[in-house]
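Subject: A structure for you to explore

Hi there,

Here is the structure I promised you. Please open it next to this email and look up each residue as you read.

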Amino acid sequence: MPAPATSTDARVAALWMLLAVLAFAGMDAGMKWIAEDYPAFQVAVFRSLATLPLVLGWIVLRGRTRTLLRVHWPLHLLRGVLGVGMIAGFVYGLARMPLSTAYAIVFVSPLMVTALAVPLLGEKVGPRRWTAIALGVVGVLVVLRPTGEGVATLAGLAVVGGALCYAIASITVRKLAQRDSPEALVFWFLVLMAVFAGGLAWPEWQPLQREHWWVLALIGVTGALGQVGLTHAFRLGEASQVAPLEYTALLWVVLLDLFVWQVLPDGMTWLGAGIIVASGLYMFRREKVLSEAGEVDAEIKRIDGTPRP
């Protein structure tokens, strides 16, 4: 087993995670910027192809290209399909709701992962964590209320579906991380998502507008930087320490909504987001306690190669 992270490693891991969160917020803002001009599947292709060359360059510089071929293909193919659903659902929602509202919904993903780990991985979840999961669901229902931008809208359901795909993809990562390299997890996810989404997007493909080239560059750079930051964060720090920092994204997306799109979350969205975040933080704390007691496999949960929506 690897030695426990030092305090210096923990601080560096936290900084990498904060950088990753900021970068992914910028990437998602770029996708929202073009979401109204292209089909959701086409935006998924753009997201993959814009990031892929930079990620591949990072892998080559690290001398890790050999690890790309020793992979478990069935799970990678499944993860690619899930990635298409994840990005497409998220982008469809981004085109129709504030960035902060979509993020509030996606924040329920860690709770979904814990719930799905019971039937898919055979993990045991006690009453405290089930309570946190139930509260997270309540938070989502508060955000997706029956009126306004509510649960009856296709956009809200699409983001929930994207979050579910993200959660299932994270489950596949826990299996793949035991046999495949983190570089392979990232590289093949992007490649397969581009291929699958490209096939679905082709009948309605729209020519790329010249004024959007800078947006694709933004998506590519921030997506690659976010993935590198995420990889280093989970490599240097414990998941229970760095994963909760993902919730700092809410600050960045609220600022983006305010200064770029001149919108702010309403009171119910703030309330629902608060419930979801509180539930997620409790879940991370509880899993840390259980991992220290040997009841949760912390080594599998250290590695998360699933790119953010």
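Let's start with the contacts, meaning heavy atoms within 4.5 Å. Among the protein's contacts between residues at least 6 apart in sequence, 88% join residues at least 24 apart.

A note on how to read everything here: this is a predicted model, in which local features need pLDDT of at least 70 and side-chain atom pairs count only at pLDDT 80 or more, while totals for chains, interfaces and linings use all residues. Residues are numbered from 1 along each chain as its sequence is written, and side-chain values use heavy atoms, with hydrogens and water left out.

**The overall picture**

The protein has 13 helices and zero strands; these are DSSP runs (helices are H or I, at least four residues; strands are E, at least two), numbered from the N terminus. Areas come from the Shrake-Rupley method with a 1.4 Å probe, and for residues only the protein chains shown count as cover.

Of the 309 residues, 54% are buried. Buried means under 20% relative accessible area, exposed means over 50%, and partly exposed is in between (1.4 Å probe, protein chains only). Ala169, in helix α7 (residues 154-176), is buried, with a relative accessible area of 0%. Ala169 and Phe189 are 20 residues apart in sequence, and their C-alpha atoms are 9.9 Å apart in space.

**A nonpolar patch**

Which residues make the nonpolar surface patch of about 1000 Å²? They are Leu22, Trp33, Trp214, Leu218, Leu251, Trp252, Leu255, Leu258, Phe259, Val260 and Leu264. Patches are made of residues with over 30% relative accessible area and no salt bridge; like charges are joined within 9 Å, and nonpolar side chains (Val, Leu, Ile, Met, Phe, Trp, Tyr) within 5 Å. A salt bridge is a side-chain nitrogen of Lys or Arg within 4 Å of a carboxyl oxygen of Asp or Glu.

Two or more patch residues come from each of α1 (7-34), α9 (213-236) and α11 (249-260). Helix α11 gives the most, with six residues. Leu218 is in helix α9 and counts as partly exposed, at 31% relative accessibility.

**Aromatic rings**

Rings of Phe, Tyr and Trp (its six-membered ring) pair if their centres lie within 6.5 Å; planes under 30 degrees apart count as stacked, over 60 as edge-to-face and the rest as tilted. That rule gives 11 aromatic pairs. One of them is the edge-to-face pair of Trp73 and Trp188, at 4.8 Å centre to centre with 70° between the planes. Trp73 lies in helix α3 (residues 73-94) and Trp188 in helix α8 (residues 182-201), so this pair ties together parts that are 115 residues apart in sequence. Trp73 is partly exposed at 36% relative accessible area, whereas Trp188 is buried at 14%.

The pair of Trp202 and Trp205 is tilted, because the planes are at 40°, with ring centres 6.4 Å apart. Here Trp202 is exposed, at 64%, and Trp205 is partly exposed, at 33%. Look also for one aromatic cluster formed by Phe90, Tyr103, Phe107, Tyr247 and Phe284.

**Charges over rings**

A charge sits over a ring if NZ of Lys or CZ of Arg is within 6 Å of the ring centre and within 35 degrees of the ring normal. Lys32 lies over the face of Trp261, 5.3 Å from the ring centre. Arg96 lies over the face of Tyr92, 3.6 Å from the ring centre.

Happy exploring!
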